[in-house]
Amino acid sequence: MIQLTNLRTKVAVAHGDGIGPEIMLATRKILEAAGAPIDWVSVEMGEQVYLSGQSAGIDPNAWNLMREAGVLLKAPMTTPLGEGYKSLNVTLRKSLGLFANVRPTQAYHPYVSTHFPNLDVVVVRENEEDLYAGIEHQQTEDVVQCLKLITRPGCEKIVKYAFEYARLNGRKKVTCMTKSNIMKLTDGLFAKVFKEIAPEYPDIQSEHMIIDIGTARLATEPENFDVIVTTNLYGDILSDVVSQIAGSVGLAGSANIGQEFAMFEAIHGSAPDIAGQGIANPSGLLHASILMLRHLGFAATAERIHEAWLATLEAGIHTADIYQPEISQSKVGTQEFAEAVIARLPRVLPQNGSNQPTNTNSPKIEVPTYTRQKQQKTLVGVDVFIDWKGTDPKIIGQALQLLAGPRLKLKMITNRGVKVFPNGLPETFCTDHWRCRFVSAEADLSQKEPDYPILHYGESLELMHKLYAHNWEVIKTENLYTFDGKRGFSLGQGE
Ligand code: NAD
């Protein structure tokens with residue numbers, strides 16, 4: 001029997017929907033039997049809270065309870081079907097500043113069938129930015145947009161976190177994946193920050209891969225990867241690819257880490273199809289709680305539980321989802337599985353004979369201080385987006401050329417990013433969404449990269465007035481800036 005010390009930690013717990021309460025019960029039983037010194041504080045979130053009229057699915061009282069505890073163990077939740085319900089996970093991540101999503105995945109061959117018995121990969125995914133900023137607009141009848149926002153502090157935090165994680169967990173390599181060859185400013189910034197920070201960790205190998213070939217390699221030779229760091233959307237996809245090829249979608253847990261708060265959960269959903277039958281596998285939530293124990297500093301307890309879990313798997317005691325007649329010994333339900341894990345908890349006490357925090361495996365993140373020099377930001381032009389139902393680019397181009405002078409001139413028009421005026425190709429398909437680039441009339445447009453003379457915002461406003469007076473429907477504008485003389489905007493395809 002483990003001796004408890006006085007040092008106890010509060011953890012907020014959300015019991016979830018569907019199979020949530022069953023797997024949470026099993027998980028807590030195991031943690032309690034292992035002597036994890038946790039005081040659980042229940043918080044309400046999920047389906048019933050949504051249906052009671054809270055569009056975020058989180059009871060307003062939960063916030064203070066969670067903040068006080070600093071840690072949340074969360075069972076899967078059901079998002080009700082229909083409009084108007086916001087993703088609870090996205091709300092938690094953004095509201096609590098959970099910038100890193102960490103998903104370690106290991107193969108458990110032969111107990112869990114996989115082609116890659118040596119797979120052992122950690123995906124560190126940026127969790128707050130990118131296309132998940134959720135800024136979307138319909139701009140014309142035919143065109144909708146989603147803003148991809150990448151910030152330098154966001155990149156610095158996640159890249160630093162990935163290297164710290166690698167170092168603290170004895171990992172050898174960090175691979176960064178982006179599409180910086182196409183999105184030169186957004187993904188380019190992520191890749192650039194990775195290149196800047198990597199030399200601070202000479203003990204860890206670093207490499208950058210373009211996301212498409214990187215994903216293909218990961219899916220076919222995962223044993224060549226160790227820690228992967230990437231942006232939000234790619235990370236979302238990659239972490240599912242890794243779990244799938246490890247055969248462990250039902251087994252994996254993930255950590256969502258912020259400066260002040262951390263949330264742990266299984267990666268699967270609430271499995272309404274098997275809810276209430278007592279057959280769900282609690283391993284995903286158990287793995288989440290193992291990550292949580294490490295985060296709290298109870299690394300030895302975490303290891304004991306993991307060992308007992310492995311021993312249960314090795315003894316052929318399997319839930320229905322991983323049952324294989326050739327190697328399984330018995331098919332058990334959720335609570336029986338938990339009892340089998342408890343029966344296999346190593347009797348040996350943790351090294352220091354107590355459950356006091358040993359060395360923690362969770363990185364103490366040093367967020368870099370931003371000491372960059374202030375840059376000279378200069379307005380050099382404006383992209384005006386116009387809703388126009390015509391089809392011939394020459395008509396809109398020539399009309400706008402006439403309106404542009406004397407301080408501004410039309411440099412080009414693109415449609416879906418492809419230059420259609422001047423000198424577009426007749427084959428290019430055009431929608432009702434025209435991006436019209438205006439720059440200073442003094443710019444020498446015979447140059448591919450002209451030296452753009454400075455512009456004043458008033459000049460751009462004057463242009464807007466003229467466009468309005470001539471019935472051109474401006475959907476939005478984007479100012480064009482240089483930073484320390486370097487172009488801060490992409491060129492059009494063919495510009
Ligand atoms: P799901 O992960 O709940 O289920 C997919 C399949 O896997 C089902 O056949 C299910 O029975 C099985 N499965 C999942 N977990 C299992 C377990 N522990 N043991 C045995 N079998 C398991 O995905 P879904 O059906 O697409 O989603 C159901 C609900 O869960 C939806 O409302 C969705 O919004 C929600 N969801 C929540 C989270 C979360 O809270 N983090 C994540 C994903 C989905």
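**Entry 1: Leu-410**

I began with a term: a strand is a DSSP run marked E of at least two residues, and strands are numbered from the N terminus. With that in hand, I placed Leu-410 in strand E16, which covers residues 408-415. I noted that the model I was reading is a predicted one.

Is Leu-410 buried or exposed? I found a relative accessible area of 8% for Leu-410, which makes this residue buried because the limit for buried is under 20%. I then listed its contacts, leaving aside neighbours within four places in sequence. Among them I recorded Gly-397, Leu-400, Phe-421, Cys-436, Arg-437 and Leu-445. I also looked up how far Leu-410 lies from Leu-147: their C-alpha atoms are separated by 25 Å, and the two residues are 263 apart along the chain.

**Entry 2: Asp-383 and Arg-437**

I found that the side chains of Arg-437 and Asp-383 meet in a salt bridge, at 2.8 Å from N to O. Asp-383 belongs to strand E15 (residues 377-387) and Arg-437 to strand E18 (residues 433-440), and the pair links parts of the chain 54 residues apart. I recorded both partners as buried: Asp-383 has a relative accessible area of 3%, and Arg-437 has 1%.

**Entry 3: Other salt bridges**

I reminded myself that side chains of opposite charge can pair when their charged atoms come close. How many salt bridges does the structure hold? I noted a total of 25.

I looked up Asp-236 and Arg-125, whose closest N and O atoms are 3.6 Å apart in a salt bridge. This pair links distant parts of the chain, with Asp-236 in helix H8 (residues 232-245) and Arg-125 in strand E5 (residues 120-126), 111 residues apart. I wrote down that Asp-236 is partly exposed at 25% relative accessible area, whereas Arg-125 is buried at 4%.

I turned next to Lys-173 and Glu-207, which form a salt bridge with their closest N and O atoms 3.3 Å apart. I recorded Lys-173 as buried at 13% relative accessibility and Glu-207 as partly exposed at 23%.

I also found a network of salt bridges that links Asp-120, Arg-171 and Asp-226.

**Entry 4: Ser-243**

I returned to helix H8, where Ser-243 has its place. I noted 0% relative accessibility for Ser-243, which therefore counts as buried. Which residues does Ser-243 touch, not counting those up to four places away in sequence? I listed Arg-103, Thr-105, Ser-248, Val-249, Ala-252 and Ile-267.

**Entry 5: The ligand**

I found 18 residues around the ligand, the closest being Met-77, Gly-269, Ala-271, Asp-273 and Asn-281. I noted that the shell divides into seven nonpolar, seven polar and four charged residues.

I then looked up individual distances to oxygen atoms of the ligand. A backbone N or O atom of Gly-269 lies 2.7 Å from a ligand oxygen, and a backbone N or O atom of Met-77 lies 2.9 Å from one. For Lys-74, I recorded a polar side-chain atom at 3.5 Å from an oxygen atom of the ligand. How much of the ligand's accessible area does the protein cover? I wrote down 63% of the 810 Å² that the ligand has on its own.

How values were computed:
Residues are numbered from 1 along each chain as its sequence is written. This is a predicted model: local features need pLDDT of at least 70, side-chain atom pairs count only at pLDDT 80 or more; totals for chains, interfaces and linings use all residues. Side-chain values use heavy atoms; hydrogens and water are left out. A salt bridge is a side-chain nitrogen of Lys or Arg within 4 Å of a carboxyl oxygen of Asp or Glu. Helices (H or I, at least four residues) and strands (E, at least two) are DSSP runs, numbered from the N terminus. Buried means under 20% relative accessible area, exposed over 50%, partly exposed in between (1.4 Å probe, protein chains only). Contact means heavy atoms within 4.5 Å. A residue is near a molecule or strand if one of its heavy atoms lies within 4 Å of it. A polar contact is a pair of N or O atoms within 3.5 Å; within protein, one must be able to donate a hydrogen and the other to accept it, and residues adjacent in sequence count only if both atoms are side-chain atoms. Accessible areas come from the Shrake-Rupley method with a 1.4 Å probe; for residues, only the protein chains shown count as cover. Ala, Val, Leu, Ile, Met, Phe, Trp, Tyr, Cys and Pro count as nonpolar, Asp, Glu, Lys and Arg as charged, and the others, Gly among them, as polar.
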